[in-house]
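I opened this model to look up a few helices, loops and pockets. My notes follow in the order I made them.

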Amino acid sequence: MPNESTGVELVRELARSFWYSAVLRAGIKLGAFSLLDGKSLTAHELAEEMPGEVGIVRAFVEACEALGLVERQGDRFTNSAVASGFLVPGKEEYVGDHALHHTNAWASWGRLDEIVRDGKTIPPFETDFVDAETYWTNYMMGQHNRAMTGQARHLVESVNLEGMRTLVDLGGGAASYSIALCQANPDLRSVVVDQPEPLVIARELVAENSLTGRISFIEGDFFAAGLGDGYDVVLVSGVVLIKSDAECRELFALARRLLSPGGMIIVQDYLRIDRTPDQARVDAMENLYVKVVFDAGAADRDGAEVAGWLRDAGFQDTQLIPAPTQLALVTAKKPA
């Protein structure tokens with residue numbers, strides 16, 4: 001039986017944990033971490049810059065200090081190393097979009113009892129907390145944040161694409177991983193397939209990385225779009241998590257048809273492969289999250305299960321590749 005004082009404090013901490021994400025969200029939306037980066041401001045000066053009511057700004061910045069986002073010297077405040085490194089827009093390792101994406105789902109999570117009882121999903125943009133355009137922009141840029149803070153590097157280091165020249169990126173979103181793989185493999189060209197909205201962001205990022213001549217786009221549902229065939233590589237990143245079992249199997253059958261003999265499929269997602277206790281906790285919460293906001297049939301799946309689906313679709317040589325990041329890989333080959 002848990003210690004009474006420890007148990008009650010755990011309950012209290014869980015109950016107020018949304019306060020902490022609220023402080024983080026407000027700091028990003030108010031631009032506070034940009035204002036405090038490389039500068040030391042009093043609460044009054046910060047209130048003038050944001051702007052805001054000085055008494056509440058003081059309480060807010062002191063809460064940021066309590067959470068390790070801000071440091072204080074006397075009556076002046078500045079960014080901590082965490083805020084400076086990860087919460088200032090324009091910096092390479094910025095993850096503020098990802099944080100906004102998660103907190104955009106507040107209203108959906110607030111109705112979790114209803115979701116559990118009725119077995120239905122409540123997309124955030126149907127709650128009036130955030131509009132659809134903002135939600136999807138934060139979502140896509142949040143995935144790009146993830147790629148830029150280690151996931152793209154892990155992907156590049158984990159797959160050997162030597163001799164491969166054509167890739168189709170199904171549900172490629174902001175094209176972050178097509179960009180990374182093309183940068184690492186100079187002979188590779190990619191076709192990114194997704195809906196029109198994320199491809200607006202993808203085109204901008206591709207142009208910023210001077211890859212317009214090597215990365216092209218097809219708008220639409222990858223099950224319905226005419227994608228041709230003969231690709232050397234199919235990339236499926238962040239898609240398996242949000243699809244039902246039947247849709248995943250259909251997707252892998254499509255991937256096999258798209259590939260040339262000997263071609264490779266790369267599945268990158270939340271996949272339970274050699275998970276540590278900390279990762280297992282993230283998996284459990286991610287598994288519930290996708291059922292809350294995407295689809296009741298979505299799931300954080302076991303890597304071995306995904307490998308089995310690939311074999312059922314006619315692939316061979318499946319490999320499960322754990323990651324130091326949150327996303328792992330499963331790769332397989334179409335028979336030559």
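**Entry 1: a loop residue**

I started at Asn185, which sits in the loop between α10 (176-184) and β5 (189-194). Helices (H or I, at least four residues) and strands (E, at least two) are DSSP runs, numbered from the N terminus. This is a predicted model, where local features need pLDDT of at least 70, side-chain atom pairs count only at pLDDT 80 or more, and totals for chains, interfaces and linings use all residues. Residues are numbered from 1 along each chain as its sequence is written, and side-chain values use heavy atoms, with hydrogens and water left out.

Is Asn185 buried or exposed? Asn185 counts as buried because its relative accessibility is 17%. Buried means under 20% relative accessible area, exposed over 50%, and partly exposed in between (1.4 Å probe, protein chains only). I left aside neighbours within four places in sequence and found Asn185 in contact with Leu161, Glu162 and Arg214. Contact means heavy atoms within 4.5 Å.

Next I looked up Phe125, in the loop between α8 (112-118) and α9. Phe125 counts as partly exposed, because its relative accessibility is 29%. Not counting residues up to four places away in sequence, Phe125 touches Val130, Asp131, Ala132, Tyr135 and Trp136. From Phe125 to Ala107 I noted 18 residues in sequence and 9.4 Å in space, C-alpha to C-alpha.

**Entry 2: helix α12**

I checked the length of α12 (residues 245-258). Its 14 residues should span 20 Å at 1.5 Å a residue, and the end C-alpha atoms are 20 Å apart, which agrees. The expected span is 1.5 Å times one less than the number of residues.

Which residues of α12 are buried? They are Cys248, Leu251, Phe252, Leu254, Ala255 and Leu258. Seen down the axis, the buried residues of α12 fall within an arc of 160 degrees, so they line one face of the helix. The arc is that of the directions from the helix axis to the C-beta atoms. Ala246 and Arg257 are exposed on the other side of α12. The cover over the buried residues of α12 includes β4 (166-170), β7 (231-237) and α14 (303-312).

**Entry 3: helix α11**

I turned to α11 and its buried residues: Pro198, Leu199, Ile201, Ala202, Leu205 and Val206. They fall within an arc of 155 degrees down the axis of α11, so they line one face of the helix. They pack against α9, α10, β5 and β6 (215-219). Glu197 and Glu208 are exposed on the face of α11 turned away from the buried side. After α11 comes Ser210, with a positive phi near 55 degrees.

The largest pocket holds about 1200 Å³ of space. Of its 27 lining residues, Ser17, Ser21, His102, Trp109 and Met285 are the closest to its centre. On a 1 Å grid over the protein atoms alone, a pocket is an open set of points where a 1.4 Å probe fits, with protein on both sides within 12 Å along at least five of seven lines; lining residues have an atom within 4 Å of a point. Grid points are joined across faces, edges and corners, and a volume is the space filled by probe spheres set on the points.

The second largest pocket has about 900 Å³. It is lined by 41 residues, with Tyr139, Met140, Asp194, Gly238 and Ile242 nearest its centre. What gives the most to this lining? I found α9, with 6 residues.
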